[in-house]
Amino acid sequence: NLWLAKTYIETQQYPKAETLLQSLIVATSENDKMPKYVRNNLDLVLADYYIKTKQYDNAVKYLRSALLKNLKKSTRARTMFILGQIYEHQGDNRRATEQFKAVIKKHPGYEMTFEAQMNLAKCHDSKDTTDIMKMFWRMLKDSKNTEYKDRIFYAMSDVALKKHNEE
């Protein structure tokens with residue numbers, strides 16, 4: 001049933017997905033013998049549904065709930081990354097920054113770490129740019145970032161411009 005709900009979400013059949021997800025919530029609360037996969041992933045599928053239907057506050061609730069479960073390291077980092085993106089979208093830069101820093105500390109894959117660093121720069125407090133600029137210079141020295149130098153320089157210019165505009 002969880003896979004069917006995912007299929008409905010991906011095919012934008014949201015009323016069917018919602019009905020099925022609601023029945024899974026009820027079934028999970030009434031049945032302790034629900035498969036572990038369903039119990040561990042239901043919150044993530046619900047969050048995906050709410051993101052796709054642009055109900056971000058509900059998505060945050062289920063993403064936070066998913067983080068309390070025993071998720072794999074990669075899934076945990078991805079969940080935190082998505083939470084950071086939602087907080088950034090909502091204008092809550094403090095919480096977004098916390099999430100992106102937490103992702104970086106988890107040492108996920110290279111690409112997710114890079115994207116978390118770039119998003120962290122977008123959300124930072126523009127009063128003190130020293131740490132962000134140091135991070136960018138470290139990123140430029142890393143040979144893995146050779147193909148991303150243009151993005152790093154662009155982000156550096158954004159940070160400098162933001163700081164200059166606030167002075």
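A salt bridge here is a side-chain nitrogen of Lys or Arg within 4 Å of a carboxyl oxygen of Asp or Glu. I applied that rule to this predicted model. The count comes to seven salt bridges.

**Entry 1: Lys69 and Asp43**

I looked up this pair and found the closest N and O atoms 2.5 Å apart. Lys69 sits in the loop between H4 and H5, and Asp43 in helix H3 (residues 36-52), so the bridge ties together parts 26 residues apart in sequence. I checked accessibility next. Lys69 is partly exposed at 26%. Asp43 is buried at 8%.

**Entry 2: Glu115 and Arg151**

I found this salt bridge at 2.9 Å between the closest N and O atoms. It links distant parts of the chain: Glu115 is in helix H7 (residues 110-123) and Arg151 in helix H9 (residues 149-166), 36 residues apart. Glu115 is partly exposed at 27%, and Arg151 is partly exposed at 32%.

**Entry 3: Glu98 and Arg94**

I read 2.6 Å, N to O, for this bridge. Both residues lie in helix H6 (residues 93-105), four residues apart, about one turn of the helix. Glu98 is partly exposed at 40%, while Arg94 is exposed at 53%.

**Entry 4: a network**

I also noted Glu10, Asp48 and Lys52, linked in a network of salt bridges.

**Entry 5: H4 against H5**

I turned to helix H4 (residues 56-67) and helix H5 (residues 73-89). Their axes come within 10 Å and cross at roughly 155°. Angles over 145 count as roughly antiparallel, so H4 and H5 are roughly antiparallel to each other. The crossing is left-handed. Contact residues include Leu63 and Leu67 of H4 and Ile82 and Ile86 of H5. By class, I have ten nonpolar, two polar and two charged residues in this contact.

Technical notes
Residues numbered from 1 in each chain as written. Predicted model: local features only at pLDDT ≥ 70, side-chain atom pairs only at ≥ 80, totals over all residues. Heavy atoms only, no water. Axes fitted to C-alpha atoms, helices over the stretch in contact; angles between N-to-C directions. Helix = DSSP H or I, 4+ residues; strand = E, 2+ residues; numbered from the N terminus. Parallel < 35°, antiparallel > 145°, perpendicular 65-115°, else oblique. Left-handed = near helix turned anticlockwise from the far one by under 90°. Contact = heavy atoms within 4.5 Å. Nonpolar A, V, L, I, M, F, W, Y, C, P; charged D, E, K, R; others polar. Buried < 20%, exposed > 50% of the residue type's maximum accessible area, 1.4 Å probe, protein only.
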